[in-house]
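Have a look at the chain below before reading on. The notes that follow take it piece by piece.

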Amino acid sequence: MRKIVAAFAALAISATVLIAPAQAQDKKYTIALVPGLTTDGFYITMRKGAQAAADALGVNLVFQGAPDFNPVTQVPVLDAVIAKKPDAILIAPTDKVQLVEPLRKANDAGIPVITVDTFIGSGVYQTGAGDADFPLAYIASDNVLGGEIAARALATAIGDKGKVYVSNVKPGISTTDQREEGFKKEMAKHTGITVLETQFNDDDANKAASQLQAVFARNPDLVGVFGANLFSALGAANGVKQAGQSGTVKVVAFDAPTSIVDNINTGLVDVAIAQHPAEIGYFGVVSAYAHLTGHSIPVAIGTGFTIMDKSNIADPNISKYLYSE
């Protein structure tokens, strides 16, 4: 509920600052958006939403990131962005611990920080407690809720009974940790379903496919898998196909690039949970601009989800949430 209220507050902010941006400031602000990686449809779509807000507000948007989701490659990019002294930084941290100190450099340099999609520390900011509460806001999908939605969708697909597991990236990534948390929280309510040990694939789809086959070999009564991100889901789905279990072992994927349409229509994936990354980017720029122009902003803004399956994927009201390529 807190995030829902915050989202409405964000809408109020956007209405306020978009009414007459030319009247607000003579200065042209520069806001940097540092994505988790530059080549993924999710972040490309986020950039488009951010650019729409930037164009409306007369803001200069800088988009700079690494080609892979890795703190080792993201930190040098962040350091380069800080050196250019933008007026604010929006960032999707690739690790909730390892990005704390690099982002503190920005904060110490007087550059406001807002995290988008992922977070540092607990993701609860401006409390005066802990060493990672300095960002102004966290703008993202409610990933615990997303995991719960995925669990309910999978439970329905398998008739509320059988064995399932989570195919995940690695511990320490805030979003996928939360999706797994939400999935398990919801599945605990479904007494006919057994959740097996999580399999971590290091964002390697081939590894996820091999893990699916290994889990199935140990549990021939496996009926479902939740991929906590796209590579995990597609890897597991290919493992299901290679095991000859398509249609029997149901696959729920998190995220929805345009390629998910074929995956759903061919039966490789049964359900996809689409986030709304354009909204995240849009509210990120609006919030940064509001702060820079003297407005207060919510510390948490939640965006929504859309459930996609074969029954609705052709509906324009659903397909509009597919990510850009």
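## A loop residue to start with

Where does Gln-126 lie? You'll find Gln-126 in the loop between β4 and β5. Helices and strands here are DSSP runs numbered from the N terminus (H or I over at least four residues for helices, E over at least two for strands). Phi of Gln-126 is near 60°, a positive value in a residue that isn't glycine. Gln-126 counts as partly exposed because its relative accessibility is 44%; the cut-offs are under 20% relative accessible area for buried, over 50% for exposed and partly exposed in between, with a 1.4 Å probe and protein chains only.

Lys-85 is another non-glycine residue with a positive phi, about 55°. Lys-85 sits in the loop between α4 (71-83) and β3, and at 68% relative accessibility Lys-85 counts as exposed.

## What kind of model this is

This is a predicted model, so to speak of local features pLDDT must be at least 70, and side-chain atom pairs count only at pLDDT 80 or more, while totals for chains, interfaces and linings use all residues. Residues are numbered from 1 along each chain as its sequence is written, and side-chain values use heavy atoms, leaving out hydrogens and water.

## The overall picture

The secondary structure comes to 12 helices and 13 strands. Of the 325 residues, 57% count as buried. The C-alpha atoms fill a box of roughly 65 × 40 × 35 Å along the principal axes.

The radius of gyration is 20 Å, which agrees with the value near 20 Å for a compact globule of 325 residues. That radius is taken over C-alpha atoms, and the globule rule is 2.2 Å times the number of residues to the power 0.38. Take the contacts (heavy atoms within 4.5 Å) between residues at least 6 apart in sequence: 74% of them join residues at least 24 apart.

## The parallel sheet

Six strands make an open sheet in the order β2-β1-β3-β4-β5-β12, with parallel pairing. Two strands pair if DSSP finds at least two bridges between them. At the edges are β2 (60-63) and β12 (300-303), each pairing on one side only. Neighbouring strands are turned by 20° against each other on average, direction ignored.

Further in, four bridges join β1 (residues 30-34) to β3 (residues 88-91), with Ile-31 partnered by Ala-88 of β3. Three bridges then join β3 to β4, and Ile-89 has Val-113 of β4 as its bridge partner. In a regular strand, side chains alternate between the two faces of the sheet. In β4, Val-113 and Thr-115 point one way and Ile-114 and Val-116 the other, and all are buried.

## Helices on the sheet and on each other

Helix α3 (residues 41-57) lies across β1, β2 and β4 (113-116), at about 165° to β2. Angles run from 0 to 180 degrees between N-to-C directions, and axes are lines fitted to C-alpha atoms, for helices over the stretch in contact. Helix α11 (residues 277-292) also packs on the sheet, touching β1, β2, β3, β4, β5 (137-141) and β12, and its direction makes about 165° with that of β5.

Then there's a helix pair: the axes of α4 and α5 (residues 100-108) come within 10 Å and cross at roughly 5°. That makes α4 roughly parallel to α5; angles under 35 degrees count as roughly parallel, over 145 as roughly antiparallel, 65 to 115 as roughly perpendicular and the rest as oblique. Val-75, Leu-78, Asp-79 and Ile-82 in α4 meet Pro-102, Leu-103, Lys-105 and Ala-106 in α5.
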